[in-house]
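Subject: Structure handover and notes

Dear colleague,

I am passing on the structure we talked about, together with some notes on what came out of the analysis. Please read the notes alongside the model itself.

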Amino acid sequence: MDLIGLLKSQFLCHLVFCYVFIASGLIINTIQLFTLLLWPINKQLFRKINCRLSYCVSSQLVMLLEWWSGTECVIHTDPQAYPKYGKENAIVVLNHKFEIDFLCGWSLAERFGVLGGSKVLAKKELAYVPIIGWMWYFTEMVFCTRKWEQDRKTVSKSLLRLRDYPEKYFFLIHCEGTRFTEKKHQISMQVAQAKGLPSLKYHLLPRTKGFAITVRSLRNVVSAVYDCTLNFRNNENPTLLGVLNGKKYHADLYVRRIPLEEVPEEEDECSAWLHKLYQEKDAFQEEYYRTGTFPETPMVPPRRPWTLINWLFWASLLLYPFFRFLTNMISSGSSLTLASFALVFFVASMGVRWMIGVTEIDKGSAYGNIDSKQKRSD
């Protein structure tokens, strides 16, 4: 390991990133709270301000991927469709197999200049999580309980509010609902067999209702579906901890632009269309494992400097008082002060490890458990 690689793997560096992210995030959440005063006066101004505040938070994670880790992502796509990316609203359907696939989705949005306004379909519990969850709440993210009878009205209502959204956005959705594991895949294919659906080798059975209601609610506002299929070269198994340690990964992302007019409006037909899409995604993955590449022309969108500039701004604002506080604590020589410092350091260490742990594949949802298997419906 070279000197820079060794430096990137040190916990002190991780602690700095964590501190800047948490401190800046709480400051931004506080500012967002005050922007609520604008909602009854000028809703569109409220939205534009919160798009930019949201960017200040989410871009820090993208900065880790693109600048700290240096991960490369080659996009394979139709050259005629490429100029439209970032110039239109789109529903992005991304496979859900890797711990950092959500980061790759955010990186895609950042490369085309729509990260601040982009949306996801997220679990309702995340709305109560400080920083990310609160940020999502103020940017009108769509939350669901994964109980369809409850979600039918609430999700549709949230989506309809986005019809007059003033910023361009990608609506990122993982139709599989949870990350791919062999156990989950086995259970998923049992469900597919019971429903008479074709088996998938590299994906879980997609959950169609959320996709169908998204298409129906955003029709004539969203121009296309971007079918995105992600994989990594040389059988790399990327993790958030690896990104934090500065490990460089090499991603390939196949992006197909499908005009929304080609997606059926009726729920049953839309569900059948999505199942067919996932069979095609499976075939693309099969070809990738066989040849090491996706179809279409490989392109690398330029890395924008704003994620790095944003992090440097917050770091310069927050690190000086932080290190001055630590210096004063250590130089005081008080046993109680030093013990308090050790406790804070320990808690911070556990916090960093917890934040990383929640992204690990084996700590995902309970999908596939024996108790939930009988209850799962499409």
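The span of residues 308-326 is 100% helix and 0% strand, and its end C-alpha atoms lie 25 Å apart; helices here are DSSP runs of H or I with at least four residues, strands are runs of E with at least two, and both are numbered from the N terminus. Please bear in mind that this is a predicted model, in which local features need pLDDT of at least 70 and side-chain atom pairs count only at pLDDT 80 or more, whereas totals for chains, interfaces and linings use all residues. Residues are numbered from 1 along each chain as its sequence is written, and side-chain values use heavy atoms, with hydrogens and water left out.

Helix α2 covers residues 11-35 and contains Gly-25, which is buried because its relative accessibility is 0% (buried means under 20% relative accessible area, exposed over 50% and partly exposed in between, with a 1.4 Å probe and protein chains only). Leaving aside residues up to four places away in sequence, Gly-25 touches Val-20, Val-57 and Ile-131, where contact means heavy atoms within 4.5 Å. The C-alpha atoms of Gly-25 and Val-57 are separated by 6.0 Å, although these residues are 32 apart along the chain. Thr-35 also lies in α2 and is buried, with a relative accessible area of 7%; with the same exclusion of residues up to four places away, Thr-35 touches Phe-46, Ile-49, Asn-50 and Leu-53.

Strand β2 (residues 90-94) is largely enclosed by the rest of the structure, because five of its five residues are buried. Ala-90, Val-92 and Leu-94 point one way from β2, while Ile-91 and Val-93 point the other way. β2 pairs in the parallel sense with strand β5 (residues 170-173) over four bridges, pairing being assigned if DSSP finds at least two bridges between two strands, and five bridges join β2 to strand β6 (residues 224-232), again running parallel. Ile-91 has bridge partners in both of these strands, namely Phe-171 in β5 and Val-225 in β6.

Turning to helix packing, the axes of α6 (residues 148-161) and α8 (residues 208-218) come within 9 Å and cross at roughly 30 degrees. Axes are lines fitted to C-alpha atoms, for helices over the stretch in contact, and angles run from 0 to 180 degrees between N-to-C directions. The contact is made by residues that include Trp-148 and Arg-152 of α6 and Lys-209 and Gly-210 of α8. The axes of α8 and α10 (residues 267-291) also come within 9 Å, but cross at roughly 115 degrees. Among the residues making this contact are Phe-211 and Arg-216 of α8 and Trp-273 and His-275 of α10.

For the protein chain as a whole, there are 13 helices and eight strands, and buried residues make up 53% of the 378 residues. Of the contacts with a separation of 6 or more, 79% are between residues 24 or more positions apart.

Best regards
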